[in-house]
Amino acid sequence: MAEPSRARPKPTPETQHFWDGTRVGELRLQRCDACAHVYFPPRPFCPRCACRYVTVFKASGRATLYSYVINHRPAAPGFTAPYAIAVVELAEGPRMMSNILDCPQTPEALELDMTLELAFEPLDDAITLPQFRPAKG
């Protein structure tokens, strides 16, 4: 019997640009044309002022670790415990949930405010997940 796989996101018309970006190695965010608010997750209007004129742009890929919890319970399909469920703060301002790769999943290694860089984890030909790892250097 095949090993259960990680849950696969389902793109919608409002999020397709985001998933198209991750597939080619870009994290795409949106900026309101009226108030310049940068936001995530993707949606067709600004969550601050409700303007429907928004621009999609490529994020820098830099972030810091804002918060996390380490899951030690039997893992969900596609995960091996222990693993961190993290909230990262992107250099552009928004926060997003992610996982931290290439780092021990311990409180000693996962320091708040540590500098992170973007990494991508392909699930299949259509979906690539944005992940983060400690920045080099």
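## Ground rules

A polar contact here is a pair of N or O atoms within 3.5 Å; within protein, one must be able to donate a hydrogen and the other to accept it, and residues adjacent in sequence count only if both atoms are side-chain atoms. With that in hand, the side chain of Asn 71 reaches the backbone nitrogen of Arg 73 at 3.3 Å.

This is a predicted model, where local features need pLDDT of at least 70 and side-chain atom pairs count only at pLDDT 80 or more, while totals for chains, interfaces and linings use all residues. Residues are numbered from 1 along each chain as its sequence is written, and side-chain values use heavy atoms, with hydrogens and water left out.

## Around Asn 71

Asn 71 sits in strand β4. Helices (H or I, at least four residues) and strands (E, at least two) are DSSP runs, numbered from the N terminus. Is Asn 71 buried or exposed? At 17% relative accessibility, Asn 71 counts as buried; the scale is buried under 20% relative accessible area, exposed over 50% and partly exposed in between (1.4 Å probe, protein chains only).

Leaving aside residues up to four places away in sequence, Asn 71 touches Ala 81, Pro 82, Tyr 83 and Ile 85, where contact means heavy atoms within 4.5 Å. Two of these neighbours, Ala 81 and Pro 82, are joined by a cis peptide bond with omega of about -5°. Pro 82 lies in the loop between β4 and β5.

Strand β4 (residues 62-71) and strand β5 (residues 83-90) run antiparallel and are joined by eight bridges. For the bookkeeping, two strands pair if DSSP finds at least two bridges between them. Tyr 68 has Ala 86 in β5 as its bridge partner, and Ala 86 also stands opposite Ser 98 in β6.

β5 is linked to strand β6 (residues 95-98) by four bridges, again antiparallel. The β5 and β6 hairpin has four residues between the strands, and Gly 93 in the turn has a positive phi of about 120°.

Five bridges tie strand β1 (residues 28-32) to β3, and Leu 29 has Phe 57 in β3 as its bridge partner. On the other pairing, β1 and β2 share two bridges in the antiparallel sense, with Gln 30 partnered by Tyr 39 in β2. The hairpin of β1 and β2 has five residues between the strands.

Ala 36 has a positive phi of about 70° although it is not a glycine. It's in the loop between β1 and β2 and, at 49% relative accessibility, counts as partly exposed. Ala 50 is found in the loop between β2 and β3.

Pro 41 is in the loop between β2 and β3 too, and a cis peptide bond joins Phe 40 to Pro 41, with omega of about 10°.

## Aromatic rings

Rings of Phe, Tyr and Trp (its six-membered ring) pair if their centres lie within 6.5 Å; planes under 30 degrees apart count as stacked, over 60 as edge-to-face and the rest as tilted. How many aromatic pairs does that give? The count comes to three. Phe 18 and Trp 19 are edge-to-face, at 4.9 Å centre to centre and 85° between the planes, and both residues are buried. Phe 18, Trp 19 and Phe 40 form one aromatic cluster.

Phe 79 and Tyr 83 are stacked, at 4.6 Å centre to centre with 25° between the planes. Phe 79 is partly exposed at 22%, whereas Tyr 83 is buried at 11%.

## Cysteines

Searching the whole structure turns up zero disulfides, a disulfide being a pair of cysteine sulfur atoms within 2.5 Å. Cys 46 is buried, at 1% relative accessibility.

For Cys 49, the closest cysteine sulfur is in Cys 32 at 3.6 Å, so that is too far for a bond as well. Cys 49 is partly exposed, with a relative accessible area of 37%.
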